[in-house]
Amino acid sequence: MVATVLIADDDPDIRDLLEFKLSHCGYKVVVAEDGPSALAVALEYLPDLAVLDLMMPVLSGLDVARALRDNAETASMSILMLTARAQEADVARGFGAGADDYVIKPFSPRELVSRIEAILARTSR
Amino acid sequence: MSVAAYSLIALYVLAVVVLLLVVAMAMVRSLRVRQHRRAEKRAAPIRPILIRLVASDELDREALDMLGDLPDKEWRAVEPRVFAILDKVRGQAADSVATLLNSRGAADRTLRAARSHNAVKRAAAGDRLASLRHHASVGLLERMLDDPDRDVRRVAAVGLGRVGRAGSVAPLLASVTGKRRTSLLLVGDSLARIGMKAVDALVEALDSPLAAQRELAAGTLGRIGATAAAERLADLLYNDEADSVRVSAAGALSKVGTWDAVTPLRDVAAGYAPTPVRCAAIAGLAELGSAASVAMLEAIVCEPNYDVAHSAAGALARLERPGRDALTRLADSGPAWAVAHAIEALAALEMDEELGRLSLRRVLV
């Protein structure tokens, strides 16, 4: 079955780049441009994995991750944080909010896809 | 004519000038918005090809040629987007975009702009040079660290961090002293961005005769997590003549996070040292999560030195259950001033927890 990936980022370049890349890798991709719409899309499509930007308008990626973990329907969803904040404390906060992996911008699209594949392979076992 | 009449005329003239200025500003703004919209419209059909180029695991020659053959008018519209994307990716994606930009002569144009008399143009060129990682970028950016304009110097410092060459450590460290200096914070970010490649040069800088350079080098070694530098940092914490350097060394040791860091931090926290240095060592023990230091910190809260006692109470609040138990003990039966510190730290702890609960509730509602 084709895995579904949610991309939540307020930057259209990142959204379009990841949508293109992941679609070409065979994933079904759904996108959101801010925190509240990321939550709505996650609840509607129940994706296998969410790529969340940390700094999104209205609700941050951390808030979205916590909300996803607290909802029974989305609690087991894999979460990958994508952010320009590289400080140790930021990374720790990301994992504290329930992220499975953390990628720092600027990022390599190829590496990001590899990480997504690895997370999905782990969770499907 | 009377003075009142002259004043009235002057007022009218002023009002007309202000009105003309407002109209001119509105016209310029409207022109820029229209230009921007036109450029966006022109760039829109080209963007998918650009995304394809960036997303490719290997250099997509077809996409590169399509973008390389664009008429100048369309290229000018899309070039800012290309630079914007370049800053967001690395690896093959960044190499592909840099190849495209270089094939369109962006590097040559940028190198020319970097020698402009206009500081804004020089700063913009410095930013783009860093993005392009052109072979001529590093030398030019290093020279820009001594630019007469502060903003150009800042751009150069940030740019050198982005390029990330070990050879830039010495010029960056030198840029925090002298007449044309750059902010310690900004240069520290750039040095930290260079990462492990910077460690050897930073350790060497711990022997600098300039305190600002030793302070920055120590702080950056901590941010990088250079465990190999722990012994030198401990030496600095014990012996440096400048308090600012010792404070920086304490913070760095706590971030390096090795077992070797605990002993020097405990020695300085408990022993004789200037107050800011002791406070930094106490905060370092909390950062390390040193539960073995709880009894010592509990004793420090009972000291009459307000700042040191306050720091120790704050440190205990960060040491989970053993720290909280110690604060509760102090609040119940410590000396009067220690009771105040303990109650304040416990209240701050409860407030943090309550804020966390509120924030989660806000998200869930």
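Buried area is the accessible area, taken with a 1.4 Å probe, that two parts lose on being put together, summed over both. In this predicted model, chain A and chain B bury about 2000 Å² between them, and carbon and sulfur atoms give 52% of that area. D13(A), F20(A) and P106(A) supply 29% of the area that chain A buries against chain B, more than any other three residues. Local features need pLDDT of at least 70 and side-chain atom pairs count only at pLDDT 80 or more, while totals for chains, interfaces and linings use all residues. Residues are numbered from 1 along each chain as its sequence is written, chains are lettered from A and ligands numbered from 1 in the order in which they are written, and side-chain values use heavy atoms, with hydrogens and water left out.

**Interface between chain A and chain B**

- Contact (heavy atoms within 4.5 Å) involves 21 residues from chain A and 23 residues from chain B.
- Twelve residue pairs, both members at pLDDT 80 or more, are in polar contact between chain A and chain B. A polar contact is a pair of N or O atoms within 3.5 Å; within protein, one must be able to donate a hydrogen and the other to accept it, and residues adjacent in sequence count only if both atoms are side-chain atoms.
- On the side of chain A that touches chain B, two or more residues come from each of helix 1 (12-24), helix 3 (61-70) and helix 5 of chain A. Helices (H or I, at least four residues) and strands (E, at least two) are DSSP runs, numbered from the N terminus.
- Helix 1 of chain A gives the most to this side, with seven residues.
- By class, the side of chain A that touches chain B has nine nonpolar, two polar and ten charged residues. Ala, Val, Leu, Ile, Met, Phe, Trp, Tyr, Cys and Pro count as nonpolar, Asp, Glu, Lys and Arg as charged, and the others, Gly among them, as polar.

**Salt bridges**

- A salt bridge is a side-chain nitrogen of Lys or Arg within 4 Å of a carboxyl oxygen of Asp or Glu; the count over all chains is 32.
- Eight salt bridges run between chain A and chain B. One pairs D11(A) with K88(B), with the closest N and O atoms 2.9 Å apart.
- Within chain B, E79(B) and R128(B) form a salt bridge at 3.3 Å, N to O. This pair links distant parts of the chain, from helix 4 (residues 72-86) to helix 7 (residues 119-132), 49 residues apart.

**Cavity and pocket**

- On a 1 Å grid over the protein atoms alone, a cavity is a set of points where a 1.4 Å probe fits but cannot get out, and a pocket is an open set with protein on both sides within 12 Å along at least five of seven lines; lining residues have an atom within 4 Å of a point. Grid points are joined across faces, edges and corners, and a volume is the space filled by probe spheres set on the points.
- There is one cavity of 30 Å³ or more, and the largest cavity holds about 50 Å³.
- Residues of both chains line the largest cavity, including K21(A), R110(A), D57(B) and R90(B). The lining divides into four nonpolar, four polar and four charged residues.
- The second largest pocket holds about 270 Å³. Among its 13 lining residues, E215(B), G219(B), T220(B), R223(B) and S248(B) are the closest to its centre.
- Helix 13 of chain B gives the largest share of that pocket's lining, six residues.

**Backbone**

- The peptide bond from K105(A) to P106(A) is cis, with omega near 0°. P106(A) sits in the loop between strand 5 (101-104) and helix 5 of chain A.
- V58(A), in the loop between strand 3 (49-53) and helix 3 of chain A, has a positive phi near 70° in a residue other than glycine.
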